[in-house]
Amino acid sequence: MGGIKVDLDLCTGCSVCADHCPFGAIEVKDDKAVITDICTICGACIDSCSFGALSREAEEAASPVPDSSGVWVFAEQIGGAIAPVVYELLGEARKLAESTGSEVGAVLFGSSMQDAANDLIAHGADRVYLLDDANFADYHDELYAAALADLIQEEKPEIMLLGATTIGRSLAPRVAARVGTGLTADCTGLAVNPETGLLEQTRPAFGGNIMATIICPRHRPQMATVRPKVFQAAPKDPARKGEIVNLKSPEVALRSRLLERVREQAENVNLDEADIIVAGGRGLADEKGFKLLSELAEALGGAVGASRAAVDAGWISYPHQVGQTGKTVSPKLYIACGISGAIQHLAGMQSAETIVAINKNPDAPIFQVAHYGIVGDVFEVIPALIRELK
Amino acid sequence: MQIIVCLKQVPDTTEVRINPETNTLMREGVASVINPFDMYAIEEALRIKESLGEGEVTVLSMGPPQAEASLREALSMGADKAVLLSDRAFAGADSLATAYTLAAGVAKLGEFGLVICGKQAIDGDTAQVGPSLAEQLDVPHATYVRKVQSLEDNKIVVERMTEDGYEVIELALPALITVLKDINQPRLPSLKGKMRAKKAEIPVWGKEDLDVDEKLCGLAGSPTQVVKIFTPERTRECRLIEGSAEEQAKVLASELKKII
């Protein structure tokens with residue numbers, strides 16, 4: 001496996017590469033760049049060098065890539081309802097399948113899912129691998145991992161996509177480890193490179209401050225979890241035809257079981273699927289501020305989010321928290337009220353399509369990521385906005 | 001019962017800034033800290049040990065030699081033992097290769113009841129190492145745990161946060177859980193703990209010390225490769241809406257109606 005090579009004749013020791021290294025893995029010693037152990041070979045330094053002194057070392061003879069074909073989507077369901085992200089995955093899978101000339105497969109586990117299977121075909125699946133079994137009604141890590149890994153090993157898809165949801169982010173790494181392939185988390189961009197034929201998976205890292213494009217050159221399937229709300233949902237065409245392949249349940253000695261599944265009261269807490277999020281921070285002053293915020297959320301038909309400061313102050317519960325130690329969201333509209341915009345908060349929401357910031361302090365960093373800004377008192381602006389929307 | 005906590009040393013993002021000219025991360029002088037989610041993992045392990053009235057908390061990290069400082073901090077909070085997995089051969093690992101090496105470290109630590117990881121590391125944000133490690137250890141796992149309800153008779157019952165509520169899951173031990181911020185409030189190190197941590201020996205295990213295939217460690221063992229790193233474009237222009245609160249609300253409402 002190749003690393004980054006420094007051509008000592010060309011290197012001037014200018015240290016530009018060291019500044020560009022996102023991992024702090026380059027030191028300049030005796031006027032020459034030195035690549036240290038923490039280098040991940042991301043290549044950011046290669047592009048930064050004006051003297052062409054940096055290059056990737058030639059890789060050892062590549063092992064053959066296993067045969068595989070098909071772009072697959074894991075069709076997550078909860079309580080029999082297909083998760084919205086699945087339709088987004090199908091839309092993206094169709095594009096990838098068209099650029100590679102292959103088929104779209106959907107994997108569906110659940111109980112009494114025949115109609116859902118047809119729905120997946122109508123949304124772009126050429127083939128649905130259906131495991132219809134009462135034991136699979138609710139998500140179960142061990143059962144689902146065994147069934148999906150078996151199926152992958154049997155059918156050898158080239159690409160396997162899952163939603164970056166609670167379920168997807170638990171299932172995918174377990175399955176990837178079992179089949180021994182690579183997995184890229186929480187992707188926001190997918191494309192097949194026309195020259196190499198490889199899936200280029202782009203994802204945010206360091207809280208969205210940098211983007212990384214990742215490939216999985218020699219293992220199959222190329223697996224990725226995909227952030228909800230990033231891609232367009234596939235259109236429905238009831239006339240589409242496809243095949244349903246019925247699967248048998250795997251035999252697994254289970255070591256865990258689901259005792260209870262509890263849906264929590266508030267509907268305005270499902271941030272992952274919300275198109276509109278109205279979020280509050282320290283500037284809302286107390287619980288009453290969040291009451292006002294809920295009214296605004298209701299007027300807009302959106303969910304309520306919060307900064308860490310507001311959650312830590314006890315004004316609202318943790319499932320509402322957006323940011324590095326809370327949730328990462330990408331709604332169509334994000335209205336930040338009384339949130340200054342600490343880097344950890346921005347990490348969780350800066351990929352929203354439209355961002356509105358309402359804050360007293362004109363220098364608050366939130367205005368740097370906002371599309372619309374209102375410098376003002378949230379307690380005056382929000383009630384006025386609610387009146388306008390009504 | 002041995003409880004193993006996996007932790008990662010990460011750059012402290014409260015100090016990371018973006019260089020406005022080059023649009024790159026400025027890491028110079030940025031301190032390294034224990035990944036925030038791993039603090040909750042350490043605290044939960046200590047609480048479980050305290051409630052059981054017996055057991056041993058071992059903290060395990062894979063990383064460069066500097067990661068020893070994070071292990072020492074965990075010892076000062078009350079962990080009993082720390083081990084660092086460090087070797088040139090481990091460098092550049094993706095989540096699969098990281099979990100592979102950690103699994104070898106766990107195997108060498110001997111019998112365990114529970115492995116606790118933070119939900120994800122804040123530099124990579126993958127949340128993949130926990131479930132991948134569970135698979136490689138061949139134990140059941142639960143992610144996004146917000147509460148441990150009980151631990152007895154070789155089983156643990158946890159609440160796992162979902163998009164619309166939570167699930168109550170029972171896992172036979174040994175098992176692995178990944179924890180959220182909601183689960184507890186990490187303690188501060190005590191003076192006594194700091195003194196003890198300062199003197200503690202932290203073994204460093206390399207590839208020779210572990211039962212590993214070098215080809216499956218580090219960069220060589222990583223199926224995924226980063227081919228490009230770039231800074232997202234920040235060409236955003238914020239349109240400031242002026243006027244009284246009423247006027248501002250009026251303009252904003254009409255803009256919002258165009259979007260929704």
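Predicted model: local features only at pLDDT ≥ 70, side-chain atom pairs only at ≥ 80, totals over all residues.
Residues are numbered from 1 along each chain as its sequence is written, chains are lettered from A and ligands numbered from 1 in the order in which they are written, and side-chain values use heavy atoms, with hydrogens and water left out.

**Aromatic pairs**

I looked up how rings are paired: those of Phe, Tyr and Trp (its six-membered ring) pair if their centres lie within 6.5 Å, and planes under 30 degrees apart count as stacked, over 60 as edge-to-face and the rest as tilted. By this rule I find seven aromatic pairs over all chains. Because A:Phe109 lies in strand 8 (residues 104–110) of chain A and A:Tyr144 in helix 5 (residues 141–155) of chain A, the pair ties together parts that are 35 residues apart in sequence; helices (H or I, at least four residues) and strands (E, at least two) are DSSP runs, numbered from the N terminus.

A:Tyr144 also forms an edge-to-face pair with A:Tyr139, at 4.9 Å centre to centre and 70° between the planes. I read 6% relative accessibility for A:Tyr139, which therefore counts as buried, and 3% for A:Tyr144. A:Phe74, A:Phe109, A:Phe136, A:Tyr139 and A:Tyr144 form one aromatic cluster.

**Chain A as a whole**

I noted 11 helices and 22 strands in chain A, and of its 390 residues 58% count as buried. The C-alpha trace of chain A spans about 70 × 65 × 40 Å along its principal axes.

**A:Asn359**

I placed A:Asn359 in strand 21 (residues 354–359) of chain A, and because its relative accessibility is 9%, A:Asn359 counts as buried. Its side chain reaches the backbone nitrogen of A:Asn361 at 3.0 Å. Not counting residues up to four places away in sequence, A:Asn359 touches residues including A:Gly338, A:Ile366 and A:Gly376, a contact being heavy atoms within 4.5 Å.

**A:Tyr318**

Where does A:Tyr318 sit in chain A? I found A:Tyr318 in the loop between helix 8 (308–312) and strand 20 (333–337), and at 6% relative accessibility A:Tyr318 counts as buried. A polar atom of the side chain of A:Tyr318 lies 2.8 Å from the backbone oxygen of A:Thr325. Leaving out residues up to four places away in sequence, I see A:Tyr318 touching residues of chain B, among them B:Phe37, B:Met161 and B:Asp182, as well as A:Val311, A:Thr325 and A:Gly326.

**B:Val226**

I then turned to chain B, where B:Val226 has its place in strand 14 (residues 225–230). Leaving aside neighbours within four places in sequence, B:Val226 is in contact with A:Ile41, A:Cys42, A:Arg56, A:Ala212, A:Thr213 and A:Ile214. B:Val226 and B:Asp94, 132 residues apart in sequence, are 9.5 Å apart from C-alpha to C-alpha.

Notes: Buried < 20%, exposed > 50% of the residue type's maximum accessible area, 1.4 Å probe, protein only. Polar contact = N/O pair within 3.5 Å; in protein donor to acceptor, adjacent residues only side chain to side chain.
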